[in-house]
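Please keep the sequence and the structure in view while going through the numbered points.

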Amino acid sequence: MFVLKNVGKLIFGSSSQESMIELPQGQLYLVRPLSPKGYSELIFRDATARIRRTGQDYQYQLVIQRVFEEGEADLLDDEEEDAEINALAAERDEKTFLLDEALHFRVENRELSQKVLAWKDLSGDVGDVYEFVCDTSTKSAQVEAFERIARQCQYERKYRKPHTTASQADLQQFDFEEQPIPQASPIHSPTLARSIDSSDAMFQLKSEANVSAKRDRTSGTAAVLAEPEPAPYEEKEVEAKPAKQTGPPKAPAQPEPQEILSMELGELHFFDFPSGAFVIQDSSVTAQVSDIGNWNYWLHIASTDRQWLGIPVVADINPVFNFEFLSFIFNQFTEDGSAYSWLLRFKDTKTLERFQDGLMRALWEQLNEVKWTKVKEQDRQYVLDAFEDLKMDDAPIEEEEEEPEVEEQEDDAPQSEHYDSDEEQDDTETQPQDPHTNSALAVGYKHDRSFVVRGPKIGVFKHTPKNHLEFTTNISKVETPSGEKFVPKKVMLHNEDRNMILQNDTDPNKLYRMDLEYGKVVDEWNVHDDIPVVTFGPENKFAQMTHEPTFLGISRNALFRVDPRLSGNKLVDSQLKQYVSKNDFSAVSTTEKGYVAVASNKGDIRLFDRLGINAKTVIPALGEPIIGLDVSADGRWVLGTCRTYLLLIDALQKQGKNEGKLGFEKPFAADSKPQPRRLALTPEHIAQFHHETGKGVSFTPARFNTSKDGEETSIITATGPYIIDWNLGKVLRGSKAPYIIKRYEDNVKADDFKFGSDQNVIVTLPNWVNMVGKQSLKRPTRESIAGDFQRLGTPRRSSGRVGTRESGRYKLGRDEVVNSPY
């Protein structure tokens, strides 16, 4: 008789992770037919195979779990009393695989009624496969049902709709006709040295892996493969099973161009999701950028015999120019909600430069509704530089360092609203009944506290020495001194974190001071009768750690200081800089010395050394509105957040009479501008994010990690359900995709680093808040983008009951979490 270890953590029938079908007994092998590591490895001598749901629609997992003989699990539990060791052991005894067509999941019936399930090891070498060899008692009908459900799950993941809409032909595309599955048992391992034939087989497997031959034939994209012998390929293409289009979509009709901005020859590549690589579609295409009127522009790509692509030129195409590889990478979004990534490769630098000039002119004019010819030459070059894959001039030359893979210690599962020391972790309510959700976050500098706004309430959390969040109290009513409740639009900690400045969206001319020791608003300040406050910020980077009473504010066309000590209006008239034109200011940030950066919805940034005067430097706009702004403590780096990208600007002057000065202190020369760096997700990652969530990129305001003693090393932001951490050193070295990610089950509302650390991030979801370690963020891969919902959807069981505030696994009570209705 056998039992499952940690059976308590598998609650089949829960809505988040329901087991759909199970094969009760078998053996799991990892077979490496072409690897010098060894032919076969027995992973689990006794195991079960099952398919289960995740917390996300249309996402399923293939799960192989080790089975223990009766009494063996209890013995191991006694050896692993520590909760964390127990959790690690539980993960070691279970293998999970996202059911995706890239696995090439298949079934084979062998002699003596032996049935084998096989799928690719996507993280291993070419040719490596996992094999689940079913016990001889397993019935054929069970295996056939397992295979059928696996195909249905792959269909739902690929097309994001129920399998009941699929025809038999649709499901047949997941019937992978591979070479015979190699024998798993070591007794069948080859003992002779590999022959030339086996070397040829290895080359063939590598070729298939690189170009995804099987999938590309199914999709009907005839030009994907660049094989030396095309004839066999053509023969197989005729036999392709009818299936829905999985390759490039059909090009729409080409609008009538009024003016052609650029037209160049190039080579077209398409990003193939299953293989994770760009594959060639056509060796000779014409890429044309044209003006079609009314500030609308069109990118059209065609060859002599096919119309490949036609899309409007807008910010969402996420253009990236790479001059090292003479390439242009961009995204395409179709009306049905699909996202694709393309690459154009040109023959030389001059060709790419001409194409870049035309496309950037189109994008600039579309965003700004201003003719490119009216832009100054140095401003044009600034815009072009920002869209290139370039390295900073003085970036340190260092070897790429591997991010340490450390097991996350904090339990990311939502906490129960019912405090009971006897409760089980699966008794968790994550959807409170109140109509409000978490909306804003303020992280303390002076004291280890975080404050989360939820409607007219504020939850207060303590940062523990073990980098957990522990509930302290809640402020149940945010209301004006006259007793009128309101939902804070923006909050800022002030006066050594003893006060909080709040803004009511319905009365932008007023601000409020909350005394956090009493938990109530004690002052109402009228800033100015005619100047509404768009947003506000500290007098300097670390002002909230001091008794500094004043702070800064901006309106749509003014920058000013607010002094609460003044009688009447609190705006300091002598430190008001008001513009006649509508600059549409949107964000403000300060350095440690009190230098000021102000950004606008037009996309430009102004740098001031003090208030009341003209800006020392105006950084040109790239086109998109800037929705967030941060500055490094020393003023060297300015970080702007736009919807689809971040903008990192080096404010240090490196030549001319002001060499060594910051743009805050002295203006840049007329023929010189700060060096920009546009931080964007790679187009292929954007397409994968869109494939998973159905939504485009929309960043939250990005922030540097902040410390009194150390330099900035990381940038944190979020888009949809993903938090994204950018490594500043890798950004400056020009590394590709210098970021790590973590996916949640809901959209991230706010995020920020813990003060004094770049290793801990406080994350706020609509109904959840926690501190997570950077070790839980991973490099963007198919698995990390899809999300590890085994851990997020089903909380790990604890090895003991925990009921004290000192515990890292303390279960919060009904009135002790920010997502409760208070």
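1. Residues P683, E684, H685, I686, A687, Q688, F689, H690 and E692 are the buried residues of helix α10. The model discussed here is a predicted one. Helix α10 spans residues 683-693 and is mostly covered, since nine of its 11 residues are buried. Buried here means a relative accessible area under 20%. In general, an α-helix has 3.6 residues a turn, so residues three or four places apart point the same way.

2. What follows helix α10? The next residue is G694. The phi angle of G694 is positive, near 75 degrees.

3. The structure contains 35 salt bridges. One of them joins the side chains of R50 and E22, with a distance of 3.4 Å from N to O. R50 belongs to strand β3 (residues 40-53) and E22 to strand β2 (residues 19-31), so this pair ties together parts that are 28 residues apart in sequence. Are the two partners buried or exposed, or partly exposed? R50 counts as buried because its relative accessibility is 0%. E22, by contrast, has a relative accessibility of 33% and therefore counts as partly exposed.

4. A salt bridge is also formed between E496 and R498, whose closest N and O atoms are 2.6 Å apart. E496 has a relative accessible area of 12% and is therefore buried. R498 has a relative accessible area of 34%, so this residue is partly exposed.

5. Which residue forms a salt bridge with R636? The partner is D650, and the closest N and O atoms of the pair are 2.5 Å apart. This pair links distant parts of the chain, 14 residues apart. R636 is found in the loop between β32 (628-631) and β33 (637-641), whereas D650 is part of strand β34 (residues 646-650). R636 counts as buried because its relative accessibility is 15%. D650, at 0% relative accessibility, likewise counts as buried.

Conventions: Residues numbered from 1 in each chain as written. Predicted model: local features only at pLDDT ≥ 70, side-chain atom pairs only at ≥ 80, totals over all residues. Heavy atoms only, no water. Buried < 20%, exposed > 50% of the residue type's maximum accessible area, 1.4 Å probe, protein only. Helix = DSSP H or I, 4+ residues; strand = E, 2+ residues; numbered from the N terminus. Salt bridge = Lys/Arg side-chain N within 4 Å of Asp/Glu carboxyl O.
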